[in-house]
Amino acid sequence: MTIHSAKGLEFPVVFVCGMSEGIFPGKRANTREKLEEERRLAYVAFTRAQDLLYLSDASGKNYDGSFRYPSRFVFNAERENVDYAVELEPELLTMTDSTLQKLEKIS
């Protein structure tokens with residue numbers, strides 16, 4: 001089901017996959033307005049969950065060989081509200097934060 005088609009609906013458990021930079025938010029979200037639209041879509045997806053919300057991303061590299069970072073939307077949640085199945089490594093958090101700061105300056 002797409003996020004757009006889930007508007008107005010609720011489910012006991014929701015899975016949102018692809019929570020990586022370049023996927024969600026997508027690479028085309030290259031302006032502040034487009035990024036905010038993606039953020040609104042993430043909010044819609046997250047708020048469809050009544051009991052449990054699972055967010056997943058993939059580690060490794062993208063098809064173009066660039067490093068894959070977790071989505072900035074994952075970090076918008078307060079840490080006490082997130083229970084990681086696999087804790088993010090401190091180095092990854094530092095690299096992600098640095099990359100997101102650079103991206104914020106560009107858009």
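V82 counts as partly exposed, at 23% relative accessibility. On this scale, buried means under 20% relative accessible area, exposed over 50%, and partly exposed in between, with a 1.4 Å probe and protein chains only. V82 sits in the loop between β2 and α3. Its C-alpha atom is separated by 9.7 Å from that of L53, which is 29 residues apart from V82 along the chain.

The model is predicted: local features need pLDDT of at least 70, side-chain atom pairs count only at pLDDT 80 or more, and totals for chains, interfaces and linings use all residues. Residues are numbered from 1 along each chain as its sequence is written, and side-chain values use heavy atoms, with hydrogens and water left out.

Now the overall fold. The protein chain holds 3 helices and 2 strands. Helices (H or I, at least four residues) and strands (E, at least two) are DSSP runs, numbered from the N terminus. Along the sequence the pattern reads α-β-α-β-α. The radius of gyration is 14 Å, close to the 13 Å that the globule rule gives for 107 residues, so the chain is as compact as a globular protein of that length. That radius is taken over C-alpha atoms, and the rule is 2.2 Å times the number of residues to the power 0.38. The C-alpha trace spans about 35 × 30 × 25 Å along its principal axes.

Contacts come next. Contact means heavy atoms within 4.5 Å. Among contacts in the protein chain with a separation of 6 or more, 70% are between residues 24 or more positions apart. Of the 107 residues, 29% count as buried. The accessible surface comes to about 7600 Å², and 56% of it belongs to carbon and sulfur atoms. These areas come from the Shrake-Rupley method with a 1.4 Å probe; for residues, only the protein chains shown count as cover.

Rings of Phe, Tyr and Trp (its six-membered ring) pair if their centres lie within 6.5 Å; planes under 30 degrees apart count as stacked, over 60 as edge-to-face and the rest as tilted. By this rule there are 3 aromatic pairs. One of them joins F24 and F73: the ring centres are 5.7 Å apart and the planes stand at 85 degrees, so the pair is edge-to-face. F24 lies in the loop between β1 (11-16) and α2 (32-46), and F73 in the loop between β2 (49-55) and α3 (90-106), so the pair ties together parts that are 49 residues apart in sequence. F24 is buried at 8% relative accessibility. F73 is also buried, with a relative accessible area of 2%.

Another pair is F67 with Y69. Their ring centres are 4.9 Å apart and their planes are at 65 degrees, so this pair is edge-to-face. F67 is partly exposed, with a relative accessible area of 36%, whereas Y69 counts as buried at 16%.

Leaving aside neighbours within four places in sequence, N62 is in contact with F67 and R68. N62 lies in the loop between β2 and α3. At 16% relative accessibility, N62 counts as buried.

Return to F24 for a backbone detail. Most peptide bonds are trans. The bond from F24 to P25 is cis, with omega near 15 degrees. P25 is placed in the loop between β1 and α2.
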